[in-house]
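Open the structure in your viewer and keep the sequence panel beside it. This tour names what to select at each stop and says what is there.

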Amino acid sequence: MSPNRERTRTGMSKASLKQDYLDNLFYIQGRFREVATSHDLYMAAAYTVRDRLLKRWVKSAQIFKTSHARTVCYLSAEYLMGPHLGNNLVNLGIAEIAREAGEELGLDFNAILEEEEEPGLGNGGLGRLAACFMDSLSTLQIPAIGYGIRYEFGIFDQVIEDGWQVEMSDNWLRNGNPWEIPRPRIRFPVMYGGYTEQYRDHDGQVRRRWVPALEINGVAYDTPILGYGVGNVNLLRLWKAEASQSFDFQAFNLGDYYGAVYAKIEAETISKVLYPNDEPEAGKELRLKQQFFFVSCSLQDMVRLHLNTVGPLETFADKFVVQLNDTHPALAVAELMRLLIDDQGMSWDPAWDITRQTFCYTNHTLLPEALETWSVSLFERLLPRHLEIVYEINRRFLDEVRMRFLGDEARVVRMSLIAEEGERRVRMANLAVVGSRAVNGVAALHSELVATGLFKDFHELSPEKFHSVTNGVTPRRFMVVSNPRLAALITETCGSDRWIRDLGCLRELEPHAEDPGLHSRWRQVKTAAKRDLAAWLKRNTQVLLDPEAMFDVQAKRIHEYKRQHLNVLHIIRCYQRLRQEPNQDMVPRAFIFGGKAAPGYYMAKLIIKLINSVAAVVNRDPQVNGFIRVAFLPDFNVKNGQRLYPAAELSEQISLAGKEASGTGNMKFSMNGALTIGTLDGANIEIREEVGEENFFQFGMTAQEVRQRQIEGYRPWDYYHGDHELKSDIDLINSGLFSHGDTGLFRPLTDHLINHDPFMVLADYRAYLECQERVSTTYRDPARWDRMSILNLARMGRFSSDRAIRDYAQRIWKIEPTPVDL
């Protein structure tokens, strides 16, 4: 290859980009311009950008290997990376050059960006946080590997039919994935079932051996993750399940055609789909298989890397720090012990020391149903050796608890890794805490509740283990890529683009917060984003929104604790007031919802149906639709979020206090200039502290008041009968107005509110309505609203994922950057 050709493959000039693009279209896609499909044009663009990533990736790998760099290994069952093309162009610093090159080649640059299929390898906040962290790890030049599963089918695509959510399969790989590189030689055996037996090794030591019933392979697929404005590229390594032997010729020759491929089918099922329905036993078994599959592959890979580059495993915890992203990868604690003891021949004590120094655990939820437990019978059937290891960890740990807290057997029962009441179950959160040297929550309130409530006993045993690291999101994805108009205005106002790498520099906007000239341009940017979203919603939902109305947005997973139904009750109250007083001066609002409900969560799906049913009535009623309209944005994901965040003016963060661990949607909306109406829950508390309480619309009970109300005995029936507007709103739902006369359709939801209301919607209803009145009053004063919007954004520096990763690196991981100089 000539020197000039090499420059073309990696050059950053417009001429090099154009030539490389044409070469990739011809040599990789096998097309010339006149016959290329839109997918061909996208693939050629992706390969052109990937060429430039690979140069940095190889250089990074070389430096990390030769320097024996300490490395973060992030274990997560979910990664919601979002579209790669636009983000990589921004991080390479060639977004505008690439756009100009495309235009000179006669290409529709925006159409090429739209063509990319989003990998739906996560449900929501957990997977998106992992993606933000991978971006920040590279940007901060911290060596890292993200480990997970290469699900063939990601989270379902959401379609709305007759107001109901319908789930469609997400076959995101059907047209290929240009960003990944298969590594067929990096494969590891993963075992299930069978039994264990005792034997003596060559030194005469008694040991245990696992004799599995099934063995499959995990094969690596690598995706480069580039940092912004640096040479560093980290690795996202996802595992695909394959059969050890994909075709049994003997079975085929005997006429057993299904049996000939049975092993292949069974193996590939493990990485087939993200989070199967775990209601039936088969679903639970598959989820446990998935979790063990990816932690086993990942730890075997780490052991391989360490032996090849460093040497003896006694220094394993010096080379690697492993972050467990919630309880899904908690099996890693038992699996590393198995690898060290059974495969590497270590004795228990040094193996346990290495294990406890290797792992750190992030808790993401206080909801009991989200803290995973597995029945001992299922665990024993699938992972018999690991159950033995868990029992031994538990025996030794509980002896330590008994010595520390003499005579407190109730505490021993609570702290045990095995729940003995009813069906015996393995407590994965307890395993993660016991096997980790650090445990953290993801917001100040959440971390306090983790230490004083959820893991109170563990905190009293080892308080030094517990930390708080508030979540953050990447400004590259959620400002620069999502909202280029706003990013350009910020850069112009601040005088540089330093804020993209140091979000604290947004404070430079504060002196301009009163500037009428900036107010005007700020509002122009917001209106343009609102027009873009309104046009997209009109094309895709047939709902017409007025860009001059306030865009009031709630977009997040649909769940009762997030209280989308409280938002709906406010809409119904607005509807009733307009019908009763048609001439009242109400601030026009477009209420926009987005989010998916878990397929088996009936109440959440009924909330989606209610939203769409209210929308159908409100939007066609000429008496009110000049003031309020309602839209449900289908298939809320990263790509659609990038349309939504820039357009939002009011961000609804209205979960019951004490239920949301952190939330990151609140940050994304604020970074795009939206004001927040919210409870003192999760990261809302810290956002309010940063932006100033005068720039935050707060309502509702505090977490302490919620607990007190529960202790006293919460009676939603009293609120229903004590507030005539609330009763009228619920009664209107029950009347059949929003269900074509079917008075029973929404009864499960309304009866649950009136009789149970576990998330205290009715208790916060009146405070919420009063707070919404304050929102409307403020919106009538554009100068005040714009000032609040500018200050909200200017004070969001703390909520960058870069800050979160710095906190982890300095306080928990004890790791330094390893710069890659090109």
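A residue is called buried when its relative accessible area is under 20%, exposed when it is over 50%, and partly exposed in between, using a 1.4 Å probe and protein chains only. The model is predicted, so local features need pLDDT of at least 70 and side-chain atom pairs count only at pLDDT 80 or more, while totals for chains, interfaces and linings use all residues. Residues are numbered from 1 along each chain as its sequence is written, and side-chain values use heavy atoms, leaving out hydrogens and water.

**Stop 1: aromatic rings**

Select Phe636, which is buried with a relative accessible area of 16%. Rings of Phe, Tyr and Trp (its six-membered ring) pair if their centres lie within 6.5 Å; planes under 30 degrees apart are stacked, over 60 edge-to-face, and the rest tilted. A search of the whole structure finds 22 such pairs. Now select Phe478: its ring centre is 5.7 Å from that of Tyr645 and the planes are at 85°, so the pair is edge-to-face. Phe478 is in helix α20 (residues 475-481), and Tyr645 is in the loop between α25 (638-644) and β20 (650-653), 167 residues apart. Helices (H or I, at least four residues) and strands (E, at least two) are DSSP runs, numbered from the N terminus. Phe636 and Tyr645 also form an edge-to-face pair, with 6.4 Å between centres and 75° between planes.

**Stop 2: a buried glutamine**

Select Gln772 in helix α32 (residues 761-779). Its relative accessibility is 1%, so Gln772 counts as buried. The Gln772 side chain makes a polar contact of 3.1 Å with the side chain of Glu652. A polar contact is a pair of N or O atoms within 3.5 Å; within protein, one must be able to donate a hydrogen and the other to accept it, and residues adjacent in sequence count only if both atoms are side-chain atoms.

**Stop 3**

What is the phi of Gln141, which is not a glycine? The value is positive, about 65°. Most residues other than glycine have a negative phi. Gln141 lies in the loop between α7 (125-139) and β2 (144-149). Next select Asp757, also not a glycine, with a positive phi of about 45°. Asp757 lies in the loop between α31 (747-755) and α32, and counts as buried at 1% relative accessibility.
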